[in-house]
Amino acid sequence: MSTSNRKYKDSVFVDLFSEDEKAKENFLSLYNALHGTNLQLSCPVENIRLDNVMYMNIINDVSCLVDGKIIVLAEHQSTINENMPLRFLEYIARLYEKLQAPTDRYLRKLSKIPTPEFYVFYNGKEDYPETTVLKLSDAFITKPEHVPLELTVQVLNINTDKANKILAACKPLEEYSLFVEEVRKQTQLDPEKGFTNAVKICIEKGILREYLMRKSREVINMLVAEYDYDTDIAVQRSEERRIAFAEGIEQGIERGIEQGFSDGKYQNKLETARILKQLGDPVQKIMQATGLSSEEIEKL
């Protein structure tokens with residue numbers, strides 16, 4: 001199932017279920033767990049991933065053509081993005097363009113297409129339900145009686161404390177979830193050697209043992225790339241918030257200065273009007289000199 005000449009880093013999740021030499025076996029295990037089927041290793045599975053679509057520098061999706069379906073999987077180790085239905089819509093449109101001949105859409109006879117299914121596997125630290133469905137129609141500005149276009153994404157929380165039944169049905173996914181938890185634990189204990197320690201401990205515990213023994217160095221490199229990407233995104237978001245906060249303060253100061261300057265000018269006008277009034281100048285003349293209204297001058 002592997003492809004060559006990738007320009008972007010794969011995640012460990014993608015490598016396990018799409019690129020590794022045993023990816024087909026892992027993917028079919030996951031597919032069978034999701035569908036209650038028993039497809040064997042002899043079943044054709046075609047990797048149809050698109051490069052650089054879901055993320056900028058981390059390829060974090062698995063897209064396979066199997067059993068007349070397009071199965072699109074994505075992993076989230078941070079907060080769930082509720083815009084995933086729209087992103088998947090753009091993704092599947094490009095996949096269909098890739099799979100179909102350009103002339104197929106102009107045929108008079110109906111051109112059959114594989115049925116799409118979309119899944120997000122969440123193993124972030126924030127609390128999230130065991131299963132959730134995100135819908136494209138939730139983003140519509142107006143809510144028509146009959147939705148003209150819909151796309152649903154099933155979100156499965158694969159943190160082991162949620163005891164999601166999908167983990168019991170798919171050993172590779174369960175072990176991957178345990179691996180992620182060990183990585184988090186070890187990087188908190190030792191930020192410098194956390195990835196290496198996590199790999200060693202998982203091998204000792206039998207978690208993805210065969211996979212990690214074959215590809216320990218590659219896995220560590222993928223973890224570093226994922227970590228750097230998440231850090232970059234967090235820094236960018238923090239910087240955006242800092243800039244927005246600073247701009248808000250600056251605008252507030254400018255408004256305050258403008259208001260203070262305006263207040264000072266107004267007080268000067270009042271003082272000028274008071275003096276002119278004491279000198280006996282008529283109201284009309286004072287109005288012309290200061291720009292104040294007759295009511296404001298009468299109150300002095």
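**Exercise 1. Helix α2 and its surroundings**

Task: State what the buried residues of α2 pack against, which residues of α2 are buried, and whether the end-to-end span of the helix agrees or disagrees with 1.5 Å a residue.

Solution. The model is a predicted one.

Step 1. The buried residues of α2 pack against α1 (12-19), β4 (61-66), β5 (69-76), β6 (115-122), α4 (165-169) and α5.

Step 2. Those buried residues are Ala23, Asn26, Phe27, Leu28, Leu30, Tyr31 and Asn32.

Step 3. Helix α2 covers residues 23-35, which is 13 residues, and at 1.5 Å a residue it should span 18 Å. The C-alpha atoms at its ends lie 18 Å apart, so the two values agree.

Step 4. Just after α2 comes Gly36, with a positive phi of about 70 degrees.

**Exercise 2. Helices α1 and α2**

Task: Determine how α1 and α2 are oriented to each other, and list the residues through which they meet.

Solution. 

Step 1. The two axes come within 6 Å and cross at roughly 95 degrees.

Step 2. Angles of 65 to 115 degrees count as roughly perpendicular. Helices α1 and α2 are therefore roughly perpendicular to each other.

Step 3. From α1, the residues Asp15, Leu16, Phe17, Ser18 and Glu19 take part; they meet Ala23, Asn26, Phe27 and Leu30 of α2.

Step 4. Sorted by class, this contact of α1 with α2 has 5 nonpolar, 2 polar and 2 charged residues.

**Exercise 3. Ser29**

Task: Locate Ser29, and find which residues it touches beyond four places away in sequence.

Solution. 

Step 1. Ser29 is placed in helix α2.

Step 2. Not counting residues up to four places away in sequence, Ser29 touches Ala169, Cys170, Lys171 and Pro172.

Step 3. For the pair Ser29 and Cys170, the sequence separation is 141 residues, while the C-alpha to C-alpha distance is 5.8 Å.

**Exercise 4. Helices α5 and α6**

Task: Describe the packing of α5 and α6 by angle and axis distance, by handedness and by the residues in contact.

Solution. 

Step 1. Helix α5 (residues 171-189) and helix α6 (residues 194-205) pack at about 135 degrees, and their axes are 8 Å apart. That angle makes α5 oblique to α6.

Step 2. The crossing of α5 and α6 is right-handed.

Step 3. On the α5 side the contact is made by Phe179, Glu182, Val183, Gln186 and Thr187. On the α6 side it is made by Gly194, Phe195, Asn197, Ala198, Val199, Ile201, Cys202 and Lys205.

Step 4. By class, the contact of α5 with α6 has 7 nonpolar, 4 polar and 2 charged residues.

**Exercise 5. Helix α3**

Task: Compare the reach of α3 with the value expected at 1.5 Å a residue, and identify its buried residues and what covers them.

Solution. 

Step 1. Helix α3 (residues 84-99) has 16 residues; from its first C-alpha to its last it reaches 22 Å, close to the 22 Å expected.

Step 2. Buried in α3 are Met84, Pro85, Arg87, Phe88, Tyr91, Ile92, Leu95 and Tyr96.

Step 3. The cover over these buried residues includes β4, β5, β6, β7 (131-135) and β8.

**Exercise 6. Asn159**

Task: Decide whether Asn159 is buried or exposed, and list its contacts outside four places in sequence.

Solution. 

Step 1. Asn159 sits in the loop between β8 (152-157) and α4.

Step 2. Buried means under 20% relative accessible area. Asn159 has 9%, so Asn159 is buried.

Step 3. Leaving aside neighbours within four places in sequence, Asn159 is in contact with Tyr122, Asn123, Gly124, Leu167, Ser177, Glu181 and Arg184.

Step 4. Lys125 is 34 residues from Asn159 in sequence and 8.5 Å from it in space, C-alpha to C-alpha.

**Exercise 7. The whole protein**

Task: Give the number of helices and strands, and the share of residues that count as buried.

Solution. 

Step 1. The protein has 9 helices and 8 strands.

Step 2. Of its 300 residues, 38% count as buried.

Step 3. Among contacts between residues at least 6 apart in sequence, 60% join residues at least 24 apart.

Notes:
Residues numbered from 1 in each chain as written. Predicted model: local features only at pLDDT ≥ 70, side-chain atom pairs only at ≥ 80, totals over all residues. Heavy atoms only, no water. Axes fitted to C-alpha atoms, helices over the stretch in contact; angles between N-to-C directions. Helix = DSSP H or I, 4+ residues; strand = E, 2+ residues; numbered from the N terminus. Parallel < 35°, antiparallel > 145°, perpendicular 65-115°, else oblique. Left-handed = near helix turned anticlockwise from the far one by under 90°. Contact = heavy atoms within 4.5 Å. Nonpolar A, V, L, I, M, F, W, Y, C, P; charged D, E, K, R; others polar. Expected span 1.5 Å × (residues − 1). Buried < 20%, exposed > 50% of the residue type's maximum accessible area, 1.4 Å probe, protein only.
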